[in-house]
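Biologist: I have the model open and would like to talk it through with you. Could you start with how the terms are set, and then we go through it piece by piece?

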Amino acid sequence: MPVLKSLSFAALPKTANDPVQFRRLKLIGRLEEQKALIADPNLLRTIQRAVKENGERRIVSKQIQVRPWWRTDAAGHTFMSIKFGGRPVEFEKGKSAIAVPSKDKLSSVIDTLIAAVRSGELDDVLAQASKQRVVGKSRKAA
């Protein structure tokens, strides 16, 4: 027992379920995927889903193609949007794209966006985007 007396005990703090932090981490992960997509246009993301077969649940890995968040118009200008919940995020009223000087500068724009997300500059925009998400209709039991 003398060994345990040399230790100081404390209550274990609860983990914080901070939705702002979760949004930041999710968006940073997606932006990192977009940066990897620049280097490899055939990038695939692996996800795991629970599937019920013969009354048993099991985990199945599935590969999904990562789609680019940027577009190039007919004049050759590149525009990038940030998607949250499958929809582009509006930074200002009617403005949901970032004009990129060239496709070569896309990687530096993504780095700038990641820095902005980490510093919390996009928290208000992401909060608005999460409020605008469409909630599906609940199914009635038959």
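Modeller: Helices (H or I, at least four residues) and strands (E, at least two) are DSSP runs, numbered from the N terminus. With that convention, Lys-83 is found in strand β5. This is a predicted model, in which local features need pLDDT of at least 70 and side-chain atom pairs count only at pLDDT 80 or more, while totals for chains, interfaces and linings use all residues. Residues are numbered from 1 along each chain as its sequence is written, and side-chain values use heavy atoms, with hydrogens and water left out.

Biologist: Is Lys-83 buried, exposed or partly exposed?

Modeller: Lys-83 is partly exposed, with a relative accessible area of 30%; here buried means under 20% relative accessible area, exposed over 50%, and partly exposed in between, using a 1.4 Å probe and protein chains only.

Biologist: And what does Lys-83 touch?

Modeller: Not counting residues up to four places away in sequence, Lys-83 touches Leu-27, Trp-69, Pro-88 and Val-89, where contact means heavy atoms within 4.5 Å. The C-alpha atoms of Lys-83 and Arg-30 are separated by 8.9 Å, although the two residues are 53 apart along the chain.

Biologist: Which residues lie closest to the centre of the largest pocket?

Modeller: The largest pocket holds about 390 Å³ of space, and of the 15 residues that line it, the closest to its centre are Arg-30, Arg-45, Trp-69, Lys-83 and Gly-86. On a 1 Å grid over the protein atoms alone, a pocket is an open set of points where a 1.4 Å probe fits, with protein on both sides within 12 Å along at least five of seven lines, and lining residues have an atom within 4 Å of a point. Grid points are joined across faces, edges and corners, and the volume is the space filled by probe spheres set on the points.

Biologist: Which element gives the most to that lining, and with how many residues?

Modeller: α2 gives the most, with 5 residues, and α2 and β5 (83-84) each supply at least two residues of the lining. By class, the lining has 4 nonpolar, 4 polar and 7 charged residues, counting Ala, Val, Leu, Ile, Met, Phe, Trp, Tyr, Cys and Pro as nonpolar, Asp, Glu, Lys and Arg as charged, and the others, Gly among them, as polar.

Biologist: On to charge pairs, then. How many salt bridges does the structure hold?

Modeller: The structure holds 6 salt bridges, a salt bridge being a side-chain nitrogen of Lys or Arg within 4 Å of a carboxyl oxygen of Asp or Glu. One of them joins Asp-123 and Arg-24, with the closest N and O atoms 2.4 Å apart. Asp-123 lies in helix α4 and Arg-24 in helix α2, so this pair ties together parts that are 99 residues apart in sequence. Both Asp-123 and Arg-24 are buried.

Biologist: What about Glu-33 and Arg-45, how do their side chains meet?

Modeller: They meet in a salt bridge at 3.5 Å, N to O. Since Glu-33 lies in helix α2 and Arg-45 in strand β1 (residues 44-53), the pair ties together parts that are 12 residues apart in sequence. Glu-33 counts as buried at 17% relative accessibility, whereas Arg-45 is partly exposed at 22%.

Biologist: And Arg-58, which residue does its side chain meet?

Modeller: The side chain of Arg-58 meets that of Glu-53 in a salt bridge (3.2 Å, N to O).

Biologist: Changing topic, which residues have the most contacts inside the largest nonpolar core?

Modeller: That core has 23 residues, and those with the most contacts inside it are Leu-27, Leu-31, Met-80 and Ile-82. A nonpolar core is a set of buried Ala, Val, Leu, Ile, Met, Phe, Trp, Tyr and Cys residues joined through side-chain atoms within 4.5 Å. The elements giving two or more residues to this core are α2 (19-39), α3 (106-119) and α4 (123-131), and α3 gives the most, with 6 residues.

Biologist: Last one, what is Ile-82 in contact with?

Modeller: Leaving aside neighbours within four places in sequence, Ile-82 is in contact with residues including Leu-27, Trp-69, Phe-91, Leu-113 and Leu-122.
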